[in-house]
Amino acid sequence: MNILKFFTAGSVDDGKSTLIGRLLYDTDSILADQLEAIQNANRKNDDGTVDLAILTDGLRAEREQGITIDVAYKYFQTDQRKFIIADTPGHIQYTRNMVTGASTANLAIILVDARNGVVEQTIRHSYLVSLLGIKHVVLAVNKMDMVDYSETVFNAIEQKYKTLAEELKLQEVTYIPVSALKGDNIVHQSDRMLWYKGDSLLRFLEEVETSMAQQSDKARMPVQWVIRPQTDELHDYRGYAGRVVSGTFKVGDKITVLPSGASSTISKIEFFNQELEEVSSGQSVTIHLSSDVDISRGDTIVNSSALPQESKLIEADLCWMDTKALDTSIIYLLQHNSKVTKCKIAEVIYKVDINTLEKHSADEFKLNDIGRVVLKTADNLPFDFYSDSKANGAAILIDSRTNLTVGATMFRALA
Amino acid sequence: MSKYNFDYLDELEAEAIHILREVAGQFEKPALLFSGGKDSITLVRLAEKAFRPGKFPFPLVHIDTGHNFEETIEYRDRMVARLGERLIVGSVQASIDAGKVVEQKGKNASRNALQTVTLLDTIEQHQFDACIGGARRDEEKARAKERIFSVRDEFGQWDPKRQRPELWNIYNGKIHKGENVRVFPISNWTELDVWNYIRREKIELPSIYFAHEREVITRNGQLMAASSYVNMDEEDVVERKKVRFRTVGDISCTAAIESDAFLIDDIIDEISRSKISERGARMDDKVSEAAMEDRKKGGYF
Ligand SMILES: Nc1nc2c(ncn2[C@@H]2O[C@H](COP(=O)(O)OP(=O)(O)O)[C@@H](O)[C@H]2O)c(=O)[nH]1
Ligand SMILES: [Mg+2]
């Protein structure tokens, strides 16, 4: 069994929280005491049925205002698969929270209200999905009950979205007509839309292929920690602990340590009490080398036959996440895997109007702004492009005055 | 990752190990909060996988309410001896004796709330800058909202409206002096995942997790251990029942469930079929809809 991580996006009131509640409810994933708690809550639907959205709106302020402010994670499983859902906020002011939920997802469910079709928010969310490189999109046309379950309405929205998906180069889009409130096509196939021949949402989620197809096969492991017991029996033990972010390492492979450029050979791969012949993307292990090289946290071990990019000047997409605007005159910290280096924004190339997708020049970069910049780092950074490797192609920016995470960057080109 | 036959438990495990190593790499004085419950026992196994054959780069810290199940303390001491790691005990009794907190009164009195003060004192005394805990997002709806690296101010407070964005697998542990970070490596595990992992890893647990005979009383519809730590009066009827505990905390706030589950397979079976959440057996969460959020804002885990 494997795990599918997905998130929901859409405008306020399109029914994101209701849809998640419905998925949980109809898969029998809501436990009795939790159900009792929502049945006793003050918030009810107009027809008096329980409001399933309360399940994810976990903060007092959210329940009071009836909106989602921050990501909530929910978990459920079926016989096929385990699911981790991020219920993300739709408001533009909480875009950074949405990006948080989306950054680890392999699939996005974008909701539209059947009555309104594709709106500005749909464009913005779809743009973020393409920016973050999320491979699968489900366009869930919700509230079909409000449009008499009309095939014509659904088809018109599908056509409209197809144009957008092409423009944004979204790779795989699946269109499903649903009613989160009534439960149509969420878990059970609806008998009110017999014209729809596709799978219910859950069925689709259970079966969609999740292999990290777009991920690079170049072996990389950022070193997080050096294990040195320094006891009598293990006097010379030196193990480099980290998580392989892409590709496969095998015992005997020639490797290069970056940024120093030193090379060596893998003599042993350990995982707790086991010795492994090889390790692949996703695994946390300990690597031993055949020769003494100077390695510490922040270095990256890579396969010598597939070296990464190395540069101090990188063109990157930037999402700004702080209430204080970007300041090109100050030095930020850039955290890329286990490495932290000083960084300036050398140039703002353009900013994207995320409602119209137009690019224009900008002097200011404020909260929730997105655009292309040139990063200038103090140390050489061994990286891959984000389109090849999410893990080795992304970094965060930290403001060292406040210690806040102020930006998310995705590496696109050498500058 | 299906290509490598990397199962979901492997994936959760690898993520947790990565997080533990980030704590080791990013902080000066981290600590692992060990409650004696299955989640923190799981954390200890993950720490072994992250750092052996080296030592843990942090001590284990137990906030001791003084109202423990005997079995958990025995277990704790045996485990610490086996690991050869350092244990620091923060005592709620000592906080009471020092007049820092006042014991609750009445029938449903519990030391659960008092723990927060002892925890914050222990953090301050040892200058811990990161505390690793076994909280999971599936436990409770406020927890479902918390980041994996959750920054707390000098007073331990969580501010849910000002959480830092947390992107990809990059964790920002930068803090100002006096602040600390609560770190939750098993955020993405469910109760069932923990049990499946314990079974797969053959991890030993305190015996109270398994069905046993015990004297209990019924309070607000829940079974509580009949113990000198629970304030009992004439109305309380002591009965002998076959029970087990689903979570382990202070005796006065942890309810038992009637169960015949004696083996781990029985437990997994029981949980898979259960219709009540694990925290449904915690009196402390029943107080109000925002009980957990409020406690977290006050410095609780
Ligand atoms: N008629 C109808 N109403 C819906 C449907 N889905 C959600 N709603 C209602 O739309 C409102 C907003 O839903 P909510 O899930 O909170 O939206 P969110 O802001 O996207 O999370 C609530 O009153 C829901 O009951 C649907 O399929 N049909
Ligand atoms: Mg919502």
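**View 1. Salt bridges between the two domains of chain B.** Three salt bridges cross the interface of domain 1 of chain B and domain 2 of chain B in this predicted model. A salt bridge here is a side-chain nitrogen of Lys or Arg within 4 Å of a carboxyl oxygen of Asp or Glu. Glu71(B) pairs with Arg214(B) in a salt bridge, with 3.4 Å between the closest N and O atoms.

The model is predicted: local features need pLDDT of at least 70, side-chain atom pairs count only at pLDDT 80 or more, and totals for chains, interfaces and linings use all residues. Residues are numbered from 1 along each chain as its sequence is written, chains are lettered from A in the order in which they are written, and side-chain values use heavy atoms, without hydrogens and water.

**View 2. The domain 1 and domain 2 contact in chain B.** Domain 1 covers 8-193 + 290-297 and domain 2 covers 203-285; such bounds come from an automatic or database domain assignment. Domain 1 of chain B gives 31 residues to the contact, and domain 2 of chain B gives 33. Contact means heavy atoms within 4.5 Å. The C-alpha centres of the two domains are 23 Å apart. About 2800 Å² is buried between them, 52% of it from carbon and sulfur atoms. Buried area is the accessible area (1.4 Å probe) that two parts lose on being put together, summed over both.

**View 3. The interface of chain B and chain A.** Chain B brings 64 residues to the contact and chain A brings 79. The two chains bury about 6100 Å², with 57% on carbon and sulfur atoms. Arg21(B), Lys145(B) and Trp168(B) supply 14% of the area that chain B buries against chain A, more than any other three residues.

View 4. Two salt bridges join chain B and chain A. In a salt bridge, the side chains of Glu22(B) and Arg297(A) come to 2.9 Å, N to O.
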